[in-house]
Every structure is written in structure tokens, then in C-alpha cells.
Amino acid sequence: MASVKGRLGVTLAVVALLALPACSKKASDDETAPAAATPAATGSAAATAPAADNTDTLDGSKFASFTGDPTAGEGVFLACKNCHLLEAGKNMVGPSLHAIRGRHSGEVAGFSYSTANKKSGIVWSDEKMFQYLESPQRVIPGTKMTYTGVKDPQQRANVIAYLDTQK
């Protein structure tokens with residue numbers, strides 16, 4: 001049992017270290033310049049964001065098809081913790097994710113959002129987060145969030161279930 005816990009600890013540490021580059025954008029970088037569109041980031045050759053009310057994913061998965069596990073989601077959230085906190089009013093490299101559901105994108109007080117994020121028109125629902133977490137740059141081209149996304153739809157559902165428990 002101790003070796004399993006040891007391996008899990010090492011695995012989680014590696015996950016956290018791999019996520020660090022996602023939070024490495026310097027504050028002096030141009031906050032309003034759109035990120036360059038790449039086929040890998042957007043799923044197509046053109047950087048056309050889905051409409052604010054569109055929740056279609058690149059892999060065709062639907063949030064409603066999954067039952068999120070908040071306990072498993074807490075593990076997925078370890079990568080997010082490098083840039084985001086769940087406490088209200090506490091921003092880091094990324095904004096606080098406290099009470100994210102129902103909030104308009106780009107509206108956390110004290111956080112300097114990209115113009116693209118502020119103008120996205122998104123209201124965060126579980127379905128929109130599910131889409132966004134798959135490929136943030138596809139959903140909001142020009143976002144400062146450089147994290148490439150969570151490709152496994154079950155893991156996306158799990159982290160959303162975890163966020164939903166953090167009120």
C-alpha cells in the first residue's frame with residue numbers, strides 16, 4: 001500500500017510540474033494580442049470560436065453523457081491549482097474559480113483578462129466549461145490561458161463535478 005501511495009504522490013507531482021508551463025506567461029506579455037491560431041489549438045486552420053451558447057466539442061462528446069466524480073476531479077484539479085484558486089477574491093496567474101457556474105467570462109474583480117475573454121459573451125455553465133476545458137484557445141481565441149486542455153471527456157466531467165462542490 002505504501003508503494004502505491006508513493007507512486008501516486010510521484011504521479012501527482014509530475015502532473016503538477018507538467019502544468020507549470022501553462023502558467024508561465026509573463027505579466028509583461030501583450031495581454032490583448034490574440035494568440036496565434038494553430039490547427040492543434042483550434043481544431044481547424046482558422047481561429048473561429050464557437051458561439052457563446054454553443055457547447056459542441058471537438059471530440060463530439062457531450063457533458064450530459066458523463067457522470068462526474070468530484071473525488072476524481074479533485075485530482076484533475078491539481079494541475080489547475082498552479083494558476084487558479086477556489087477562494088473568492090484570490091487571483092493568481094489565472095482568476096479565482098470560486099462560484100464559476102453562472103458567472104460571465106472576464107468578470108472576476110482584480111484580474112486582468114484578455115480582451116478576447118472579456119468580449120466572449122460566455123456565461124459559464126457545466127456544458128460550456130466542458131467544451132472550454134477540452135481546448136481553451138479554440139473556445140476563446142486570444143485567451144491568456146495557455147493550458148492546452150483536458151482531452152479525456154471523463155476527466156473534464158470529473159473536474160467540473162469537483163468545481164460544483166466548491167461553493
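Guide: Along the sequence this predicted model reads α-α-α-α-α-α-α, with seven helices and zero strands.

Visitor: Why is Arg156 called buried?
Guide: Buried means under 20% relative accessible area, and Arg156 has 0%, so Arg156 counts as buried.

Visitor: What makes Asp59 and Arg156 a salt bridge?
Guide: The rule asks for a side-chain nitrogen of Lys or Arg within 4 Å of a carboxyl oxygen of Asp or Glu. Here the N to O distance is 3.6 Å, and the two side chains meet in a salt bridge. Asp59 sits in the loop between α2 and α3 while Arg156 is in helix α7, so the pair ties together parts 97 residues apart in sequence.

Visitor: Which residues does the network of salt bridges join?
Guide: Arg101 pairs with Asp164, their closest N and O atoms being 2.7 Å apart. Salt bridges that share partners join Arg101, Asp126 and Asp164 into one network. Asp126 and Arg101 come to 3.3 Å, N to O. Asp126 lies in helix α5 and Arg101 in the loop between α3 and α4, so this pair ties together parts 25 residues apart in sequence.

Visitor: Is Asp164 buried or exposed, and how do you know?
Guide: Its relative accessibility is 16%, so Asp164 counts as buried, the cut-off being under 20%.

Notes: Residues numbered from 1 in each chain as written. Predicted model: local features only at pLDDT ≥ 70, side-chain atom pairs only at ≥ 80, totals over all residues. Heavy atoms only, no water. Helix = DSSP H or I, 4+ residues; strand = E, 2+ residues; numbered from the N terminus. Buried < 20%, exposed > 50% of the residue type's maximum accessible area, 1.4 Å probe, protein only.
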